[in-house]
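Subject: Structure for your files

Hello,

Here is the structure I said I would pass on. My notes follow below it.

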Amino acid sequence: MQGYERFKDLIFKKTEIDLSCYKERQMKRRIESLIKRNNFNSYEDYYNAINKDKKLYNEFINYLTINVSEFYRNPEQWEVLKNEIIPNLLKYKKKLKVWSAACSTGEEPYSLVMVLSNFFPLNEIKVLATDIDREALSKAIVGMYTAKSIERVPKEFKNKYFTTVGNSYKIIDDIKRCVEFRQHNLLKDDYPSDCDLVICRNVMIYFTEKAKELMYKKFNRALSEHGILFVGSTEQIILSHRYNFKACKTFFYKKIQ
Ligand SMILES: C[S@@+](CC[C@H](N)C(=O)[O-])C[C@H]1O[C@@H](n2cnc3c(N)ncnc32)[C@H](O)[C@@H]1O
């Protein structure tokens with residue numbers, strides 16, 4: 001389908017989402033299937049429609065951002081986080097500054113709070129959680145989840161940190177209070193600084209190599225001296241030393257000076 005270049009420009013002007021930082025083949029395939037599903041024949045017609053129709057626009061943003069998530073996604077890595085990474089960080093610091101980047105609908109930052117609750121009382125835990133997608137963040141703030149999504153939460157936490165509402169599970173306010181949700185675009189906004197742990201999982205896979213390189217550098221600068229970056233299970237960093245990272249465990253990278 002013709003017209004992707006112009007579409008990317010228009011989307012950037014409208015949303016500040018730079019589609020050229022996302023892997024092109026994959027992104028085009030996804031958008032074109034959405035265009036066809038909505039019975040349009042060109043990028044131009046589709047853009048004109050989403051520009052006028054809020055519902056179509058929201059559908060586009062939602063589709064684009066792929067919000068799939070779950071609590072304790074890849075549980076064995078969360079075990080490493082709990083048993084090795086956090087105890088090691090606590091050798092250097094009494095309090096930890098933690099950032100969940102591209103947090104989607106909240107499963108990841110809430111899982112982090114649960115893991116941290118093994119080490120700190122809840123009123124001492126603060127997790128910054130960011131995502132580009134405002135709708136996902138609104139869902140995170142509501143904190144309502146399906147049984148499937150909380151399947152991997154340890155049993156004692158399921159009872160302690162959720163209440164049942166019909167067939168759903170609502171995260172309790174004491175956990176919610178530990179998380180500050182903020183809208184943030186990883187491609188363009190400033191990153192926080194002095195973080196001891198940054199968790200950014202299952203989003204890098206969508207970006208081009210060039211965009212990833214820039215982000216690794218920014219993550220590196222966002223970390224404190226002994227800080228750790230925790231990535232997704234298909235997102236190992238190739239030649240990580242180029243970005244001043246050293247793998248300390250699979251999927252965990254330590255900042256090197
Ligand atoms: C598949 S979810 C990953 C959620 C969670 N980190 C996990 O691993 O379960 C990907 C998230 O990345 C977000 N995202 C995509 N592009 C982004 C960007 N440029 N800046 C920040 N977040 C972005 C999407 O909105 C989506 O919520």
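I start with the ligand. Of the 23 residues around the ligand, T65, S69, A102, S104 and N202 come nearest. Sorted by class, this shell holds nine nonpolar, eight polar and six charged residues. Please keep in mind that the model is predicted.

The main sheet

Seven strands form an open sheet in the order 6-2-1-7-8-10-9, and the pairing is mixed. The edges are taken by strand 6 (179-183) and strand 9 (245-249); each has a single partner strand, so one side of each is left without a neighbour in the sheet. On average, neighbouring strands are turned by 25 degrees against each other, with direction ignored.

Strand 1 (residues 98-101) pairs with strand 7 in the parallel sense over four bridges, and here W99 stands opposite V198 of strand 7. Strand 7 also pairs with strand 8, again parallel, over five bridges. In that pair, C200 faces V231 in strand 8 as its opposite residue.

Strand 8 (residues 223-231) is joined to strand 10 (residues 252-255) in the antiparallel sense by three bridges. On the strand 10 side, Y253 is the bridge partner of L229, and K254 stands opposite I228. Strand 9 and strand 10 also run antiparallel, joined by four bridges. K254 of strand 10 turns up here too, as the bridge partner of K246.

Helices on the sheet

Two helices are worth looking at. Helix 5 (residues 75-89) packs on the sheet and touches strand 7 (195-200), strand 8, strand 9 and strand 10. The direction of helix 5 makes about 170 degrees with that of strand 8. Helix 7 (residues 134-142) lies across strand 2 (127-131) and strand 6, and runs at about 165 degrees to strand 6.

What is buried

Which residues of the largest nonpolar core touch the most other members? They are V113, L197, V198, C200, L229 and F230, out of 59 residues in that core. Strand 7 is mostly covered, with six of its six residues buried. Leaving aside residues up to four places away in sequence, L197 touches L89, L96, V98, G227, I228 and F230. Apart from this core lies another one, of ten residues, including F7, I31, Y43 and L64. In soluble globular proteins, nonpolar side chains tend to be buried together.

Most residues other than glycine have a negative phi, and most peptide bonds are trans. Two residues deserve a look against that background.

N244 is not a glycine, yet has a positive phi of about 60 degrees. N244 sits in the loop between strand 8 and strand 9. Is N244 buried or partly exposed? With 16 other C-beta atoms within 10 Å, N244 is partly exposed; to count as buried, a residue needs 20 or more.

F251 is likewise not a glycine, and has a positive phi of about 80 degrees. F251 is found in the loop between strand 9 and strand 10. That hairpin has two residues between the strands. F251 has 22 other C-beta atoms within 10 Å and is therefore buried.

Strand 3 pairs with strand 5 (residues 168-171) over two bridges, in the antiparallel sense. Within this pair, M144 stands opposite K170 of strand 5.

Regards

Methods: Residues numbered from 1 in each chain as written. Predicted model: local features only at pLDDT ≥ 70, side-chain atom pairs only at ≥ 80, totals over all residues. Pairing = 2+ DSSP bridges. Axes fitted to C-alpha atoms, helices over the stretch in contact; angles between N-to-C directions. Contact = placed C-beta atoms within 7 Å. Core = buried A, V, L, I, M, F, W, Y, C linked by C-beta atoms within 7 Å. Buried ≥ 20, exposed ≤ 12 C-beta atoms within 10 Å, placed from the backbone. Near = placed C-beta within 6 Å. Nonpolar A, V, L, I, M, F, W, Y, C, P; charged D, E, K, R; others polar.
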